[in-house]
Each structure stands twice: as structure tokens, then as C-alpha cells.
Amino acid sequence: MVSSHPATAMTDSSQIHGTPGQALQHDSALKHTTGEALYIDDLPEPAGTLHLAPGGADSVCGQIRRLDLSAVQSAPGVIAVLTAKDVPGTNDISPTHCGDDPVLAESEIRFFGEPVFAVVARSHREAREAARRGQIDIDPVEPVLTIDQALAAGSYVSEQQQLQRGDWQGALQHAPRRILGRTVSGSQDHFYLEGQVSLATPGEDGGVHIHSSTQHPSEIQHAAALALGLTDAAVTVEVRRMGGGFGGKETQAAQWAVLAALAAVTTGQPVKCRLDRDDDMIMTGKRHDFSSEWTVGFDDDGRILAADIHMASRCGCSRDLSDPVNDRALFHADNAYYYPAFRIRSDRCRTNTVSNTAFRGFGAPQGMMIAEQMLQSIAHQLGKDPLDVRKLNFYGKNQRDVTPYHMRVEDFILDELTEELENSSGYRERRRSVDEFNSSNTILRRGLALTPVKFGISFTNTALNQAGALLHVYKDGSIHLNHGGTEMGQGLFTKVAQIVAEELQVDLKTIQITATQTGKVPNTSATAASSGTDLNGMAARNAAQTIRQRLTAFAASHYKVLESEVAFRPDRVRVGGIEMSFADLVMQAYLNRVQLSATGFYRTPKIWWDPNKAQGRPFYYFAYGAAVTEVMIDTLTGENRVLAVDILHDVGRSLNPAIDAGQIEGGFIQGMGWLTTEEVVWENDGRLATHAPSTYKIPTCRDRPEHFRLQIFSRGENQEETVYRSKAVGEPPLMLALSVHQAITDAVASLINEAELPHLDAPATPESILAAVDARRASTTP
Amino acid sequence: MARNHVTTTINGDPVEFLCDTEQTLLDVLRDELHLTGSKEGCASGDCGACSVTMDGRLVCACLVLAVETQGAEVETIEGMADGDRLHPLQQKFLDHAALQCGVCTPGFLVAAKSLLERNPDPTESEVRYWLAGNLCRCTGYDKIVRAVLDTAAEMRE
């Protein structure tokens, strides 16, 4: 059963409450349980607040011929109707400023539901009702919807990228064995429980303040400034907490924040934009679906000699973050395995669908799925246990350790970690019992798989790996903590507060956690790439150390002792032979005119990337983990159930085991959803068919595996100098769920003894499992 | 359009409000009465984030018209704790770290309370099935189920 980490602190007199390593509850946990935690839609609305709703196209693709908004204008409660013409600055919110993400479409519709106008009305309901009255006539053209259509039409958002090394062609040609395969993974909606929402208030001198549920306040600030023709300094963006993000509020929050800001500046009144769930799902981007073809050459033991992988993804109608997402897919097409020679290509397809974007894992899950399907196929052909073939291909230590992007893997721990999980989960015995079960059951079949995760930590865009923090110590010794990271439930604020508590040896309750705000810490990166704690924790630590050093220098000079005689102890400071409370020392320092406010900064060391040579060290380090999953399928209905999951995951030295465990469990289940129940369906005419939880199924309580055992790798320690040797934990666990898909494939494969692995697309819905079962059974019928 | 005058009881307190006929209970709770603990996750009765009880019955406030609460007893998350004294479920959710972003948490608590009032000794399956109408995107549910089972065990003592 799960290691349940009680979220209560285990403190003693020799320790402050809050030291890193303690399993503390989320900083807002109490307010979450009482309903008092305020999300943006819960904030008391300023007097005169108006409501904005976007008006989307009821068509898929073509030039706008006529836009008739008279019925919108005359609808009850409508104050203003905005179109692209009302955008005073640049009509583009592309994160790369490439001009292909208009705030409101100007002349062309590129996907079903693309926002063309915005209604500002007295109430949310009136705005939404009026938004349906727009008449948008277009000259329709045939849309490009699927990856295959885009590849055939040569429709791309950017150029193909590739990695290659060695004589992969020769190695493939001369390999004793070869398999050709195809790996298909579907899209995924973020389904953050709190939808997109912004509240903009006009300020003085043409400026604007925006509450935005966003992972990237600095980008919202810049996007709003560009669109409104303001300087960045005239725009302030604030977010205390989000109700989930998962990558879906990295770039996708910008449109609604900018529209609210535009409407606020236009009307002179506060304006809120809260998307209805259907609009949210139709109008915001999702995970990239991938379709990849591969050839792998290997020897009779199963050792990979060469691979040729061609991946293609559906990017939607604009670039958004598709380049870095697909780059990360390229960087993870090896997962944990050494390829001696290879060519890996990545095509980024432009389609007439909403522009796909960041989603937990950021392309890596799609890339890693290819590696894992290759490994499973190899093992199946050789009649070996896939785990043995995986181990055979693991990166080596000081040899066979160079990744496809020429970075050496220096911290590989999967040999030890996998062995521990193999033993603790009873993998070998369970393999035998699964085989036994299958030999006596024809309708119900079981499957088992153990898959590893190796995930690179850092933004692949080196410049983004920086962070800032701001720390004020007040005269009473209380501390105001601010940094560039955003809280979306992942517990970042708690972890960063623990770090500051540790540096100053003060109790966690001394530290006031405050909303992320561009006026306090500027030029921040998105809270993304799992890097929130690594970056912001270090920046806050830097600020705390500055304060501590100032207090130390002051105490030494004031009490005439050496600096080495000043020691910060739990909730007190020892200065030579005397002890005083932290607050007393702070007051003394204030009276002696010592600055008690500091900024902190951090930039990740060692990383670099040369895009022209496709070489470098894009990642500071790797996070690792592995999972064993056992499933059962019903071969008559395709119904499937995840019976048992055993996870062993590496978080380095855990800053907070309760929060880390939550990330691991939640990540796994979210990955399981991506690979099983969550099917994003586009109609043949380009409309999104799945735009509400009635049709789009994320996992529920019922899908929770009955046996769910999670352990944090106790030997984990980051060999790089991260904050207290911890490791990032946001994204890596999602990919543990690849074991679910592999186990289902294993169950289908068990039906017939055949060298070829069954083809099973993701998500493995009952329909696709049934199709794979039927295909499997048909393969023996002449 | 004439607004409707509704007299109801919310968390034990008599409440009167005016509402439009098409306004849902959730609209009124959040926008008129400023009880924002109930959340709108989907507005179609599929996510459970707006779970409340009406005359003891677990309902999605987004599927109840506000006028239907005339004369009814409505319980929301705001009424769950007794002043500063948390309901055992709330405490167990804290102890088990059974929450992350917190948007689904009020709905889960209201739904779980409703379950334990009907069935003080639910099996794990019964908990999982009862709570299947409440979506959580962060936690993976494991700690939620444990917290509910643990509360049930403690409340039976």
C-alpha cells in the first residue's frame, strides 16, 4: 500500500518547524478544506466590474468575408464589442513573437472556435449569450486536420529538426535483426479544474493591473503591453494561486488576460474574463498528438545497434511552443537507452486545429513512448522479458553514456533503482502469475510491464533558466517572501518557504507567503519545465543568505565578536556567548540602519546548447523513476482495469515528501489518463467533439488502482548542486504511466504466440483495445 | 423581468435572496451570497466541484435552479467546520495531504460527508464509486480515498 506521509510536522526543540525534508502540508491546505482559498473568480469584484466573453468562429478554415456584429451590439446588457481593429498595439500574443497568434482573428479563420470578437457586458451570462449572436461568414477552404494530411500537404509550422550520429544506415542494414514500427499517441486536454480566468483593472497613466490565472505572469505582462501599446512597466500581473495548470496556463492564459486588459482600458472599468468549460476546451491548446515511424536494428541479445525515428506532431494553427515541445520529444526519444547510431527526425505539422501547447512532460512523453515501444517490440520478437532487454540497453557508466544530443549521462541511477523496484514489487513472481492466469483464462487477460523514466531537467532554451526573489524582513522579525514562481497546487510556495526558513532558522509561520507579482520580481520565466523549485528556491535562498550575511556582519561588529562566532540556531541567534531571538537581532539591526530587504537571483550553471550543431548540455541533470503496472483486459468488450501499480521515484533529497508524493501520484494518474481514457476527438469537419467532461473522460476515483504503492527512492541525491540536493518532480512521474500502456499491450499480445507485437494506439480506449484484440486473433485465421 | 424572491436556509441560517429564474443555485451562492467555496468546474453536473446538499441530498449546485431552494435546507462547504473546529473529514484531508490545487476539495468534502452520513462504514469500493462524480486533476485520488476511509474508521470509534 502507499506510503502515506502524514502532513503533520515532526519537529523537536533542535529543529525549526519547516526544515527541508519534513512532510509539511501545502501552505493553503487549511483554506482549501474550508473553501476560503480565493481563486481569481472568487475575489470580490471591484465596483462596476464588467464581464467579457469571446465570440468564436462557427467554421474551421477560410478568409473572413463578412463580420456582422449588429445583433451582438444590440443584445441585452452589452457595453462594448471588440474586434481586431480595437487592438491599439500589436495584434499578436505569440510567445515567440512570430506574429501567428492574434488576440482576435483579423482576416482568416484557422480553427473551429477561433476567437474573432469579444463582448463586454454587464454580466457573465449576458456576455456569453451575446457572443453567440455574431455572424461570421467565411470563404471556406479545405482544412488540413490530421498529421497525415499535413505531411502530404507539406504543411508545417517550422522546419524539420534532426539529430544523427554514426553510420546509422550501415548499422541498420547490417543489423542481425530489424523491426519497423509505428507509435501513435493522442492529444490530451489539461482539464485544470479552474478554467482560464482574468480580472483586469484600469490604472493611472493608462496602465492596467491584471489578475491572471497563469503560470507565466511576465509573459502576460509583455503580451498585454504589446497589444495595448504600453510599456511593460505600465502593466502589472498578479497571481496568488491557480486551480491547476499542467502547462495549460503557460501561454494559453495570455489571450484572456489581454482581452480583459483591452476591455478594461477601452471601457475604463474593471473587466473579468472567465471562460466557460466548453469555450476553454475549444479555444485553448492541448498536448501534441504524435505519429511516428521507426526502424530499429538490434542483435540477437536485444542490444540496439541503430535506430531511425521519424516523428511528426500535430501543432495546430500556429507555432506557440511547438518548437521547444518537439525539441524535448527529440531529446527524449532515447528515454534511458543508448543508441550507438541513429537518425531522429521531427516534423512539426501545421493543422487547422487549435494551437497545441505545453502539457506536463512537454513532448518528452511522446518521445519516450517511441523508445519504450521499440524496446517492447524487440523483447517480444526475441521471446525475452522486456525488462531484461531494457536493462541491456540502459546507458552505461563512463561508456555507452552519450545521448543523441551529445550530452554525457553522468548521474545514471536506473540500474540500482530498477533493481530495487524489481525486487520490492515482486516483478518476476508476478510475471509468472500473470502467465499462469493467462494460460487458464481466454476472455480476461492480464498484462504486466516495468518501464523506467529518465527526464532532463532545465528549460531547453538556456536563457530561461534564471529566477529572482524578493525578501523583506520587518522590524518584528516577520518575513515577506516573494519570488517569480507561481503556485498551481504543486506546493512550490511551501517548498520555497521551507528553504528560507532553513537559511534563517526561523519557524515557517514567521514567513508570509505572497502572490506572484511582476511588480515585485521582474522578467521571470514560466513556472514550467519542472524547474519551479530548482530556480525560485535557489533565488530565495540567495536572498535569505544575503540577509543572513548582513545580520551576521552587523552582530559581529555590534557585539564585537568574530563573524564565525555568530550562529543562526533554531528560532534564535547565538552571538559570541549570548543568545537572542531572531526578532531581537532584527530590531537591533534596524535601529543601526542595516538594510533588511534583499533580492535574490539564480542562474543554472553548466548548461548550454548550440542549435546549429545540435550539441550541448541542455539539461543540468536527470530525474529518474520506474513503475510496474499490472492490468486486466476483457477481450470481449475491450474494457480494461489497472489492477496494481508499484512506483519507485527519484526526487534527489526530498524537500517535502508529502508534496513530492502528491506530485508522483497525480502525475502517474494523469499520464494514465492520457494513455487510456482521455480521447480528444476531432470531427471530420474539424470541430472538436470532446469539449466537456460529459464527453472527455479524465480518470476518476473508480480508475484508481486498488494496489497503489509509491516509494521515494531513499538513496536519491542530486549529484549537482541543486537546492539541498533535491530534484525536480513536476513532470517526470507522468511518464511512469507508460507502463500502463505497455501492460495493456502485453495483455493483448498474450492472446496469440506471435513474434510481432500487437499495434495499440494511445489512448488505449476500450474501442482501440478491442480492435487490437480482434486484429490479434484475426492474424492466425487464414 | 421580475426577479424571484426566495426564502431558504443555508448552513443553518435563514437566507433571503432575489434571483432571476434562470440563475442556478451555484450562481446565487457565488455571485449573490458570496459563498465562493463551491466552484464551477464544468457547469454541466459532471465534475462535482459545486457539490452541496439540499435537504440532505447530494446535488450539483450548477444543476439546481436557485428558485428550487425555496423552503429547502442547503449545506455548503462553508458550513462544514464548526467555527474553528474542523469536521473530521477536513482534518483528515489535511493529515493525508489529500489536496493540491484545492478547487475540487470543497466538493469532495461535501460529497464524502454525505456518504458517511448514509454509510458510516463504507468499503473502499463504495468510497471510490460514491466519489466518482467528483473530478480531481491533481492528486490521483489515492490520498483522498485514504482520508475518507480513515475518517470513517475514526468516526465509528
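## Exercises on a two-chain predicted model

Nine salt bridges are counted between chain A and chain B. The model is predicted, and the exercises below start from this interface.

**Exercise 1.** State how many residues each chain brings to the contact, and how much area is buried.

Solution. 
- Step 1: Chain A contributes 57 residues to the contact and chain B contributes 50 residues.
- Step 2: The two chains bury about 4400 Å² between them, and 53% of that area is on carbon and sulfur atoms.
- Step 3: On the side of chain A, A:Leu193, A:Cys701 and A:Arg704 supply 18% of the area that chain A buries against chain B, more than any other three residues.

**Exercise 2.** Describe the polar side of the interface and find the elements of chain A that take part.

Solution. 
- Step 1: Between chain A and chain B, 22 residue pairs are in polar contact, both residues being at pLDDT 80 or more.
- Step 2: A salt bridge joins the side chains of A:Arg125 and B:Asp27, at 3.0 Å from N to O.
- Step 3: In chain A, the elements that give two or more residues to the side touching chain B are α1 (29–34) and α17 (657–675).
- Step 4: α17(A) gives the most to this side, with eight residues.

**Exercise 3.** Decide whether A:Ser525 is buried or exposed, and list what surrounds A:Ser525.

Solution. 
- Step 1: A:Ser525 sits in the loop between β20 (516–517) and α15 (532–558) of chain A.
- Step 2: Buried means under 20% relative accessible area. A:Ser525 has 11%, so A:Ser525 is buried.
- Step 3: Apart from neighbours within four places in sequence, A:Ser525 is in contact with A:His216, A:Phe459, A:Leu464, A:Gln466 and A:Gly484.
- Step 4: For A:Leu464, the backbone oxygen lies 2.6 Å from a polar atom of the A:Ser525 side chain.

Note on methods
Residues are numbered from 1 along each chain as its sequence is written. Chains are lettered from A and ligands numbered from 1 in the order in which they are written. This is a predicted model: local features need pLDDT of at least 70, side-chain atom pairs count only at pLDDT 80 or more; totals for chains, interfaces and linings use all residues. Side-chain values use heavy atoms; hydrogens and water are left out. Contact means heavy atoms within 4.5 Å. Buried area is the accessible area (1.4 Å probe) that two parts lose on being put together, summed over both. A salt bridge is a side-chain nitrogen of Lys or Arg within 4 Å of a carboxyl oxygen of Asp or Glu. A polar contact is a pair of N or O atoms within 3.5 Å; within protein, one must be able to donate a hydrogen and the other to accept it, and residues adjacent in sequence count only if both atoms are side-chain atoms. Helices (H or I, at least four residues) and strands (E, at least two) are DSSP runs, numbered from the N terminus. Buried means under 20% relative accessible area, exposed over 50%, partly exposed in between (1.4 Å probe, protein chains only).
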